[in-house]
Protein chains: 2
Amino acid sequence: MHRKKYKIAILGATGAVGAELMSILLERDFPIAELRLLASPKSVGKTINFNGQEIAIAPVTPESFDGIDIVLASAGASVSKEWAAIAVSKGAIIIDNSSAFRQDPNVPLVVPEVNPQAIDQHQGIIANPNCTTILMNLAVYPLHKVKPVKRIVAATYQSVSGAGAKAMDELIKQTQAILNNQEPKAEILPYPIGFNLFLHNSPLDEQGYCAEEMKMVNETRKIFNCPEIQITATCVRVPVLRAHSEAINIEFSEPFSVNTAKEILSKAAGVRLIDDWARNYFPMPIAASGKDEVLVGRIRQDISNPNCLDLWLCGDQIRKGAALNAIQIAELLIDRNLI
Amino acid sequence: MHRKKYKIAILGATGAVGAELMSILLERDFPIAELRLLASPKSVGKTINFNGQEIAIAPVTPESFDGIDIVLASAGASVSKEWAAIAVSKGAIIIDNSSAFRQDPNVPLVVPEVNPQAIDQHQGIIANPNCTTILMNLAVYPLHKVKPVKRIVAATYQSVSGAGAKAMDELIKQTQAILNNQEPKAEILPYPIGFNLFLHNSPLDEQGYCAEEMKMVNETRKIFNCPEIQITATCVRVPVLRAHSEAINIEFSEPFSVNTAKEILSKAAGVRLIDDWARNYFPMPIAASGKDEVLVGRIRQDISNPNCLDLWLCGDQIRKGAALNAIQIAELLIDRNLI
């Protein structure tokens, strides 16, 4: 049988997510007819090796999207806002990693393991959710399907990769400086992150929540198609390179058996249960890095409320939190004959 | 007026808390007649400089406590269990940093800003609470006094100093190894902590809580003298050297105004409000290190429950989390004419 191949453009090819998109396209043997690598003018002139072939970075122009089937965009919200409509007008479908269109009612916001059907309504733009939200949703949705979640109290431990490749470099450089008794320089992140941590520095709203926290609230409601779910979150940046962790307290309307929760999560798509009580071994960022699945463990009955469970998770922020989820959305387009 | 001076013994003089006890005794000009430094036999032969004087480390024997007024113990629970009764039988008062006696109904568990009166019932042993608990209690108790707290959901970000001076060395060495592309060696902590984090590795109970988490539950109940307060906690070790951070969600029986909470905490003993919304600047471990106060900020109305507030805090684990609180207990003994 002839397998159809697709012309793909990566918008933001030089970033941490761009690099991961390319390696996941290869790993999963995505059917590619052509790969176009687009980035800002300052990267033009560079080439990137993809599957043995040197591909020149091109600047973004309207013609960049001619003939393209799928645009994988990870160059930030302003770039996505500038180019999405143009790409769509040329017949491409854009899978956008930025926050630009996530709350647009005409744009599906998709975690393939959670709400694959939402993709059917797409009008050219499909939004990839926030990384922290994707990881939490993979662990919470399988429970929510069985007994609806009333409220979540989340605290996050977010790696610097969420702020991009330059933030990862900054953590390394600051750490080296501190070990050499030098002042750490903060250029990408607002404060030194080496041997430190701080509340997520995205803009604060009038309610006192930062943008990252409100993404967890609003995107979960949209993905679960459950506007009544109540969520509070405290988002924190920690000196870890590329996997996010989350402490999640989940309230249901009635008790949810820990054993049932473990059984459900042991079979849930995109989840790997790491729940080794004998060894006191649970998910860690270094174990989650490079993995497709979100690692979930330490599922326990909350002793402070009979209707609550506590759980802990770690997931690769660049991978399932961004690049992998975007490529799974592209695969879903193919599976559902939407392209 | 003649100021009475006291004979002090430090049990566990070579550890991270032992060193901090000595520097805080000096800083606060504690009235010392004599300082005896006690440690395990392997440290015997070493000397420590205290206020210009070289003091030899002595092994612990029953005679170590002869004539001593106050023992500041920070050598772990088994050492405290071995020596506390002997020290008391010799007429000393022991202020114990370990968990050995904290739940003993005959032993006051004291945070001087919270329950100073509890010390009056002492019978020779006074327990210094767990570090994470002390920091949380400083921030929560002033609110609890105004409207009783029903429930707390806490997630912690605990520095390696909580596992002692050797764990601090281990974080540094592992980080250097990782930066040099070598395997990090985990000898003190169970897993590599450099650029990583993991759930607190204290023993798990049959409910699924680790000992550190249950300290937050049981010690808070005892310190607040409020057995009905409901608490769940997730305790996490992070690659930070010496200050702990905590994300705290507090439920009251009715709404608690954010402005009132800020006003109360801006005046609370042992608390410094760091709540700069314009600059998006809130407490951080590097800002809390070396400070006496717990830094509290980002106090906000929880949007998921009208009766809840969210707040964030950082405090020096070795200082207010251990050594400073112990010395404040000693000062309280003097102030209340108990010694």
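1. **Ground rules.** The model is predicted: local features need pLDDT of at least 70, side-chain atom pairs count only at pLDDT 80 or more, and totals for chains, interfaces and linings use all residues. Residues are numbered from 1 along each chain as its sequence is written, while chains are lettered from A and ligands numbered from 1 in the order in which they are written.

2. **The sheet in chain A.** Start with the open sheet of 7 strands. Its order is E3-E4-E2-E1-E5-E6-E7, and the pairing is mixed. Strands E3 (47–50) and E7 (125–127) are the edges, each pairing on one side only. Neighbouring strands are turned by 25° against each other on average, direction ignored. Strands here are DSSP runs (E, at least two residues), as are helices (H or I, at least four), numbered from the N terminus. Two strands pair if DSSP finds at least two bridges between them.

3. **Helices on the sheet.** Helix H1 (16–27) of chain A packs on the sheet, touching E1, E2, E3 and E5. Its direction makes about 155° with that of E1(A). Helix H8 (319–335) of chain A lies across E5, E6 and E7, at about 150° to E6(A). Axes are lines fitted to C-alpha atoms, for helices over the stretch in contact; angles run from 0 to 180 degrees between N-to-C directions. Contact means that C-beta atoms, placed from the backbone, lie within 7 Å.

4. **E3 and E4, in each chain.** In chain A, E3 and E4 (53–59) pair antiparallel over 4 bridges. Thr47(A) stands opposite Ala56(A). In chain B, 4 bridges join antiparallel E3 and E4, with Ile48(B) opposite Ile55(B). E3(B) and E4(B) form a hairpin with 2 residues between them. Asn51(B), in the turn, has a positive phi of about 55°.

5. **Two domains in chain A.** Domain 1 covers 6–128 + 322–335, and domain 2 covers 133–317. These bounds come from an automatic or database domain assignment. The domain centres, taken over C-alpha atoms, are 25 Å apart. At their contact, 13 residues of domain 1 meet 18 of domain 2. H8(A) gives the largest share of the domain 1 side, 3 residues.

Notes
Two residues are in contact if their C-beta atoms, placed from the backbone, lie within 7 Å.
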